[in-house]
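Notes follow, in the order I looked things up.

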Amino acid sequence: MKNIYPSYYKKFRCVADKCPDTCCAGWEVVVDPPSERRYRAESAPIGDKLRDVLTVDEDGDTVFRSEGGRCPFLLGSGLCELYCELGERALCRTCERFPRFECVLGSRREAGLSLSCPEAARLIFETEEPTEFVTEETDEPAEPNSIDPTVYFILSKAQKTAIDILSDRKISVAQRVKNFLLLCADTQAEISGGSPERAEEPKNKTRSARESALKYFADLRSLERLDPEWERSLSAGKAGTFKIAPEAECEYEKLLIYLVFRYFMTAAFDGKILIKAKLFAAEFIAAVRIQTGLDCAAKSERTAVLQKFSKEVEHSEINLDRLCALASRSRHYSLTNLINILELQEKAK
């Protein structure tokens with residue numbers, strides 16, 4: 001098995017009660033079968049509470065029954081009651097693994113940290129050094145899969161090119177995103193056959209850009225909401241401008257590389273690389289507008305916006321599926337409109 005991960009991956013340590021946010025509120029905690037069996041057999045005093053809060057959700061998953069949107073084991077101090085009573089061994093797979101994620105493709109495993117965790121976000125944006133990746137070879141056998149080897153090869157090669165494009169600091173981040181979108185259009189055509197989608201000159205560039213940006217925020221507003229405070233950010237973004245502060249370019253570069261590393265190769269399962277790339281670009285545009293709308297002058301403020309964005313969108317399959325569906329049928333996510341917004345930002349410099 002070939003393991004690939006960003007250089008900051010193994011630096012992660014949960015800061016527990018020092019965390020400015022919590023992964024124990026807003027989300028369901030899905031309990032894996034081995035943990036469920038342990039919990040139902042737990043003889044310690046907390047065992048009765050464990051058995052009482054285990055329930056099955058509408059998707060058929062065993063979860064902890066939340067209390068006011070919070071995990072029933074989240075203490076007022078911000079610590080985990082299960083961890084305090086039984087130690088690390090008591091954590092189910094969801095709690096043990098978060099914020100780590102994996103994408104396994106046969107003999108290749110990509111592992112990283114989710115931007116939705118504040119401490120992970122801090123590590124991702126900690127330095128201005130380019131994001132580096134580590135590759136380790138292990139004796140683990142490849143996992144069986146049904147991935148088309150030709151599609152896998154095309155995407156693997158394109159992912160490396162995409163990261164190179166987004167890392168090119170000789171040009172602006174907006175120009176890099178434009179080049180990235182064109183690469184993905186070519187890659188999609190290579191996977192699907194036919195001619196690649198191409199950008200055209202819109203009739204009214206400024207109005208078209210404004211309408212498309214407003215559509216992105218309307219779509220974000222239609223998603224499942226975790227935090228009521230997110231509405232304030234969306235309102236600020238709707239009123240904000242797509243103006244990239246020079247000091248923030250490195251952060252946007254790292255955001256885009258994070259998205260490419262996390263989601264690019266998942267197209268090996270559905271073949272939809274261009275729609276993913278368009279969503280990356282739309283997320284980038286929306287994030288810039290939210291940060292300008294909120295007047296985020298400090299790096300920590302900008303990082304908090306990106307962390308909240310990730311938490312609201314990335315950790316709901318419903319939200320991700322809905323965004324893909326909306327983007328697939330809306331002209332506002334076309335290469336024409338996305339590249340128009342990026343080019344207007346360049347001309348405004």
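Predicted model: local features only at pLDDT ≥ 70, side-chain atom pairs only at ≥ 80, totals over all residues.

**The cavity**

About 50 Å³ of space lies in the largest cavity. I searched the whole structure and found one cavity of 30 Å³ or more.

Next I listed what lines the largest cavity: P6, Y8, I124, T131, F133, K254, I257, Y258 and F261. Which helix gives the most to this lining? I found that helix 10 does, with four residues. By class, I get seven nonpolar residues, one polar and one charged for the lining of the largest cavity.

In one of them F101 pairs with Y258, edge-to-face, at 6.4 Å centre to centre and with 80° between the planes. Where in the chain do the two partners sit? F101 is in strand 4 (residues 100-105) and Y258 is in helix 10. I noted that they are 157 residues apart, and that the pair links distant parts of the chain.

**Helix 10 and its neighbour**

I stayed with helix 10 (residues 249-263) and looked at helix 7 (residues 173-192): their axes come within 10 Å and cross at roughly 20°. An angle under 35 degrees counts as roughly parallel, and helix 7 and helix 10 are therefore roughly parallel to each other. From helix 7, V173, R176, V177 and F180 make the contact. From helix 10, I wrote down E249, Y252, E253, L256 and V260. Sorted by class, the contact of helix 7 with helix 10 has six nonpolar residues, three charged and no polar ones.

**The second largest pocket**

Last, I turned to an open space. The second largest pocket holds about 800 Å³. I count 37 residues in its lining, and the closest to its centre are C14, A16, C23, L91 and C95.

Which helices each supply at least two residues of this lining? I got helix 3 (81-86), helix 4 (93-97) and helix 5 (118-124). Helix 3 gives the most, with three residues.

Conventions
Residues numbered from 1 in each chain as written. Heavy atoms only, no water. Axes fitted to C-alpha atoms, helices over the stretch in contact; angles between N-to-C directions. Parallel < 35°, antiparallel > 145°, perpendicular 65-115°, else oblique. Contact = heavy atoms within 4.5 Å. Nonpolar A, V, L, I, M, F, W, Y, C, P; charged D, E, K, R; others polar. 1 Å grid on protein atoms, 1.4 Å probe; cavity = no way out; pocket = protein on both sides within 12 Å on 5 of 7 lines; lining within 4 Å. Points joined across faces, edges and corners; volume = space filled by probe spheres on them. Phe/Tyr/Trp six-rings, centres within 6.5 Å; stacked < 30°, edge-to-face > 60°.
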